[in-house]
Amino acid sequence: MLLAIDTATQNLSLALHDGAAVRAEQTWFSPNMHTVQLAPAVRDLITRADLTMDDLTALAVSTGPGSYTGLRIGVALAKGLAAARGIPLVGIPTLDILAAGQPHFQGGLIAVAQAGRGRIIAATYQWRKGHWKSRGEAQLLDWPTLIGSIDGAAIVTGEVDETGRATINEAAANDVPVTLAPGAFRLRRAGFLAEEAWDRLRDATEAFPAADVTPIYVKTKD
């Protein structure tokens, strides 16, 4: 049984996956409450799934980019559990989790997460061999800059605030080939984090030690 933990932004998401199916999953808005809510939520999810900590054989965690404090909380708990139980820990970039939850469509994919102060973290993806594959590293920018960088038909998914929605709608009205993904697809879910982690574990030639997992931060001038 794999436990997946995502605390990269103000949404908190957990999932239990047995390698064939998601056994339990919970995602909720948790602004600045990760420290208080995470550990009890893990315990409650495992209990509701009629499992114990002894049933865990692997963990997965969102490694960022994202909130500095949020990432540290999730990564620290995941590393502690994995190290104490001697089980593998798979780290998956935050925006790759979003991309994993998107269906195939013609055009490019832009995954975003909120970074505060009117900024977003964004990465672009293209469909290759049945999966969305990253076209480069995540970048810190604002909505106008992101829209100005679009070079073909694209769908935006992830944490899109009111400013983002207004910017996307205005761009589309001005014939920029950009579309906002439906709300359900924009929710980053730990179930997809768990799916990605299982794929890596099945193909693994490495042990995925907890000590090797570190948060990914987007560097800023300040």
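Residues are numbered from 1 along each chain as its sequence is written. In this predicted model, local features need pLDDT of at least 70, side-chain atom pairs count only at pLDDT 80 or more, and totals for chains, interfaces and linings use all residues, while side-chain values use heavy atoms, without hydrogens and water.

**Exercise 1.** Determine the order of the strands in the open sheet.

*Solution.* Strands (E, at least two residues) and helices (H or I, at least four) are DSSP runs numbered from the N terminus. Two strands pair if DSSP finds at least two bridges between them.
1. The five strands follow the order E3-E2-E1-E4-E5, and their pairing is mixed.
2. Strand E3 (22–29) and strand E5 (89–92) are the edge strands, each pairing on one side only.
3. From one strand to the next, the twist averages 10 degrees; axes are lines fitted to C-alpha atoms, for helices over the stretch in contact, and angles run from 0 to 180 degrees between N-to-C directions.

**Exercise 2.** State the sense in which E1 and E2, E2 and E3, and E4 and E5 pair.

*Solution.* Strands of a sheet pair through backbone hydrogen bonds, either parallel or antiparallel.
1. E1 and E2 are antiparallel over five bridges, with Ala4 opposite Ala15 in E2.
2. E2 and E3 are antiparallel over seven bridges, and Ser13 stands opposite Thr27 in E3.
3. Strand E4 (residues 58–62) and E5 run parallel and are joined by four bridges; Ser62 stands opposite Ile92 in E5.

**Exercise 3.** Describe the two directions in which the residues of E2 point, and their burial.

*Solution.* In a regular strand the side chains alternate between the two faces of the sheet.
1. Asn11, Ser13, Ala15 and His17 point one way from E2, and Leu12, Leu14 and Leu16 point the other way.

**Exercise 4.** Characterise the lining of the largest pocket.

*Solution.* A pocket is an open set of points on a 1 Å grid over the protein atoms alone, where a 1.4 Å probe fits, with protein on both sides within 12 Å along at least five of seven lines; lining residues have an atom within 4 Å of a point.
1. Of the 25 lining residues, the closest to the centre are Thr9, Gln10, Asn11, Phe29 and Glu159.
2. The lining divides into seven nonpolar, 15 polar and three charged residues; Asp, Glu, Lys and Arg count as charged, Ala, Val, Leu, Ile, Met, Phe, Trp, Tyr, Cys and Pro as nonpolar, and the others, Gly among them, as polar.

Methods: Buried < 20%, exposed > 50% of the residue type's maximum accessible area, 1.4 Å probe, protein only.
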